[in-house]
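Here is a briefing on a single protein model.

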Amino acid sequence: MDQTIQLKQILSLMSFIFAKNFANAISLEDLEKLPPSWMLKTKNQENEKGLNLWQKTIKEKNIQSINDDFENLKDCFDLAKFNQIDAKKLEDLYLQLSFVKPFKDLQSTHVSNLLALLGAIFKKDDNEQTHAFLGLCLSQYCLPSVILLAKKLQNEAKSDFYKAMAEFVIDYFKYIKEILGLRAEIE
């Protein structure tokens, strides 16, 4: 299989994994199925920190801490709180792309719907038009707001699971920035 196709599929899958984990708290059943390693290995320090937290999560299986964190942090998962996203423009983009929010009960500006959109774009990124939408989604919506959410999780999450998610999200976007040659800052 072509490496470019594999990479797009992995990046798409990762977007959907993140989206699912911000839409609902992970169940004990799903927690017990987590693999011991993260699917993307990079040289970023966030990847290593995330992996250590991930492995602690798997070992300790502290589902109550994860559920408590989800309840305490879920208001921040609506990225409108960070005042970086124009909700109307985002909804217009959804319409333009014929994108149906997979998490219908959540706002268009919710991180889960935005990451699902990113995953859908990665999955179909095979021409200049979809690549332009990818750049727009990243520069106008993801990088300005998802990174702020990840930083908030780094500082406020109590569970190793959401701390790991924060590290992996930052690592994910640093990797995307690197492979696409984006000039946006992620610090």
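Is Asn-67 buried, partly exposed or exposed? Asn-67 is partly exposed, with a relative accessible area of 27%. Buried means under 20% relative accessible area, exposed over 50%, and partly exposed in between (1.4 Å probe, protein chains only).

This is a predicted model: local features need pLDDT of at least 70, side-chain atom pairs count only at pLDDT 80 or more, and totals for chains, interfaces and linings use all residues. Residues are numbered from 1 along each chain as its sequence is written, and side-chain values use heavy atoms, with hydrogens and water left out.

- Asn-67 sits in helix H4; helices are DSSP runs (H or I, at least four residues) numbered from the N terminus.
- Not counting residues up to four places away in sequence, Asn-67 touches Ala-25 and Ile-26; contact means heavy atoms within 4.5 Å.
- Lys-124 belongs to helix H6 and is exposed, at 58% relative accessible area.
- Lys-124 and Lys-8 are 116 residues apart along the chain, yet their C-alpha atoms are separated by 8.5 Å.

**Nonpolar core**
- The largest nonpolar core has 63 residues; such a core is a set of buried Ala, Val, Leu, Ile, Met, Phe, Trp, Tyr and Cys residues joined through side-chain atoms within 4.5 Å.
- Phe-18, Phe-22, Trp-54, Leu-114, Leu-118 and Phe-173 have the most contacts inside it.
- Helices H1, H3, H4, H5, H6, H7 and H8 each supply at least two residues of this core.
- Beyond its neighbours within four places in sequence, Phe-18 contacts Trp-38, Leu-115, Met-165, Phe-168, Val-169 and Tyr-172.

**Helix H3**
- H3 has 16 residues and reaches 23 Å from first C-alpha to last, close to the expected 22 Å (1.5 Å times one less than its number of residues).
- Its buried residues include Glu-46, Asn-47, Leu-53 and Trp-54.
- The buried residues of H3 pack against H2, H4 and H8.
- Just after H3, Lys-61 takes a positive phi of about 50°.

**Largest pocket**
- The largest pocket has a volume of about 320 Å³, which is the space filled by probe spheres set on grid points joined across faces, edges and corners.
- A pocket is an open set of points on a 1 Å grid over the protein atoms alone, where a 1.4 Å probe fits, with protein on both sides within 12 Å along at least five of seven lines.
- Of its 17 lining residues, Ile-17, Lys-20, Asn-21, Ile-26 and Leu-34 are the closest to its centre; lining residues have an atom within 4 Å of a point.
- H1 gives the largest share of the lining, 4 residues.
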